[in-house]
Amino acid sequence: MHRTPARPARLRVALQRWEIAATFPIFVLLSAVAVGLTVGEIAGLSVAALGLPALYYLRKWAVTSVASTPEAAPQTERDLFVDDADALMSFCAGTNASTALMLIKVDPHLMVDGEWRSKFTDDVFTRVQKRLALCVRDTDIVARCGDNVFGVLLQPIPRADLDIVLSIVERLQSCVSEPIALEGQTLHFHSAIGLCLEERSPAPTGAAIVAAADCALRAAHRANDGGVRSFTKQMQKDVEVEHQLAGQVHAALATGAIRPWFQPQLSTDTGILSGFEALARWHHPELGILSPKQFLPAVAASHAFSQLGEVILLHSLKALKSWDTAGLRVQSVSINLSVEELRDPRLADRIIWQVDRFDQNPERICIEILETVTLQDGDDAIIRNLRTLRGAGFRMDLDDFGTGHASISHIARFGVGRIKIDKSFVANVDTDPNQKRLVAAILSMAEQLRIETLAEGVETPGEHSTLAQLGCAHVQGYGIAKPMPFEDTIGWVSAHNAKIANTRIGNRRLG
């Protein structure tokens, strides 16, 4: 343990504000400081000796004294939150009580209307923190643990099991979802929550339970469903794998271990192949074939999205050349561009140069963007890239339509030529009347806007035929073919074309 000169000054400030006048708590604190204990250790001692109210007052002391003492060592709100958690974990270890810790990520980018402006940040998040505090008890702790992350630490109770904690989580999410009006704008937020029960913490320390909740938060945010995840040992293993992959991403991209597999897209009118979507796969020597869901977090951690995009585009252009040489007519290949890639002002120029180098028509490359991209209409680099690509003749799809907040005005502004109906709407469309009505409404809107449609995640003949009857122009999914390495595509296309030809001949004979 070490001692900083600032502690006595902070304690003098604290004593002036201390709200418990008893001599014993002051003696405990003075003794703790004298031997050089940290704030977290003082908190644990205070809680053990005086009960939980002491933590409440100690935290007030720490926050006010650190803020008001110029010579104090820097200590962030997150540092204090970890100290609080450490104190409560120590307290719970000697009792039958238990606690739980939640981290809440409030996403300012997912808004129904209005624009996000950076000047709103502090005011908005201050309001969010106050709202969260109203959803829990006065002695529970709510802290801002990051730019848009809040921590909630529960005062120990006899039984802090998952059901009880989830009921609190539900209140917290409802609180966050309430719109905030600010300067004529109405802001709507989504949240993801990671939680860890005291009994599931990897170690009985504040740092361990905060890290566990952070691990669960990443899992919740990655799912992109506005959901909640509770920490498990499997999550910890997944994080360890993610760290392992993050250190291998650049080498895998450079050596070709990460490359695209191709999934067919069919016309529902003719059954003819209308294109392929290029989907990244990692041929890992130890873990086998990894899907994007498994390794994209590592790509993000390594800041390698730009390199990944270049690799996928390069292989897609080579594939087009090879299909042409084999005499197979593949109209287009769809590639996905992330928000991170689109923020690079030079992206469009590089894509145009690569396509020109392979002597390909830009119309044969379809750019897929997520709905969240269309909400970035204040980002000049994104706007320039998309306008440049559209102007050069590239086609543009809006991926996972229906899962975000893209409005009709956004679709029109970004020049989207086709929307991809998310698989969550496609599932059971042939047997579920509600699903059928939803898809019919989407198709009707697209027809009015003169935008093409493609349904993702088609898995059964019934879904395929229903979508065709409803007027969806293109389909894609495991019911047609799984993504396949380039080496398998030529054989698949040849077999599919032969099947289509035989079907036509059979139909003429029947006629």
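Me: Which residues of helix 19 (residues 461-470) are buried?
Reply: The model is predicted: local features need pLDDT of at least 70, side-chain atom pairs count only at pLDDT 80 or more, and totals for chains, interfaces and linings use all residues. Residues are numbered from 1 along each chain as its sequence is written, and side-chain values use heavy atoms, with hydrogens and water left out. Helices (H or I, at least four residues) and strands (E, at least two) are DSSP runs, numbered from the N terminus. In helix 19 the buried residues (under 20% relative accessible area, with exposed over 50% and partly exposed in between; 1.4 Å probe, protein chains only) are Glu-463, Thr-466 and Leu-467.

Me: Why do the buried residues of helix 19 line one face of the helix?
Reply: The view to take is down the axis of helix 19, with the arc drawn from the directions that run from the axis to the C-beta atoms. The buried residues line one face because they fall within an arc of 100°.

Me: Which residues are exposed on the other side of helix 19?
Reply: The buried residues of helix 19 are covered by elements including helix 17 (423-426), helix 18 (433-449), strand 15 (452-455) and strand 16 (474-475). On the other side of helix 19, the exposed residues are Pro-461 and Gln-469.

Me: How do helix 18 and helix 19 lie to each other: parallel, antiparallel, perpendicular or oblique?
Reply: Their axes (lines fitted to C-alpha atoms, for helices over the stretch in contact, with angles from 0 to 180 degrees between N-to-C directions) are 10 Å apart, and the packing angle is about 40°. Angles under 35 degrees count as roughly parallel, over 145 as roughly antiparallel, 65 to 115 as roughly perpendicular and the rest as oblique. Helix 18 and helix 19 are therefore oblique.

Me: Which residues of helix 19 make the contact with helix 18?
Reply: Contact means heavy atoms within 4.5 Å. Helix 18 contributes Lys-436, Val-439, Ala-440 and Leu-443. From helix 19 come Thr-466, Leu-467 and Leu-470.

Me: How many residues of the contact of helix 18 with helix 19 are nonpolar?
Reply: Ala, Val, Leu, Ile, Met, Phe, Trp, Tyr, Cys and Pro count as nonpolar, Asp, Glu, Lys and Arg as charged, and the others, Gly among them, as polar. One residue of this contact is polar and one is charged. The number of nonpolar residues is five.

Me: At what angle do helix 9 (residues 233-246) and helix 11 (292-301) cross?
Reply: Glu-242, Leu-245 and Ala-246 of helix 9 meet residues of helix 11 that include Phe-295 and Ala-298. The two axes come within 8 Å, and the crossing angle is roughly 55°.

Me: How many charged residues has the contact of helix 5 with helix 8?
Reply: The axes of helix 5 (residues 77-93) and helix 8 (residues 206-223) come within 7 Å and cross at roughly 115°, which makes the helices roughly perpendicular. Among the residues that meet are Arg-78 and Asp-86 of helix 5 and Asp-214 of helix 8. By class, seven residues of the contact are nonpolar and one is polar, while the number of charged residues is three.

Me: What is the relative accessible area of His-303?
Reply: Most residues other than glycine have a negative phi. His-303 has a positive phi near 55° and stands in the loop between helix 11 and helix 12 (305-325). His-303 is exposed, and its relative accessible area is 73%.
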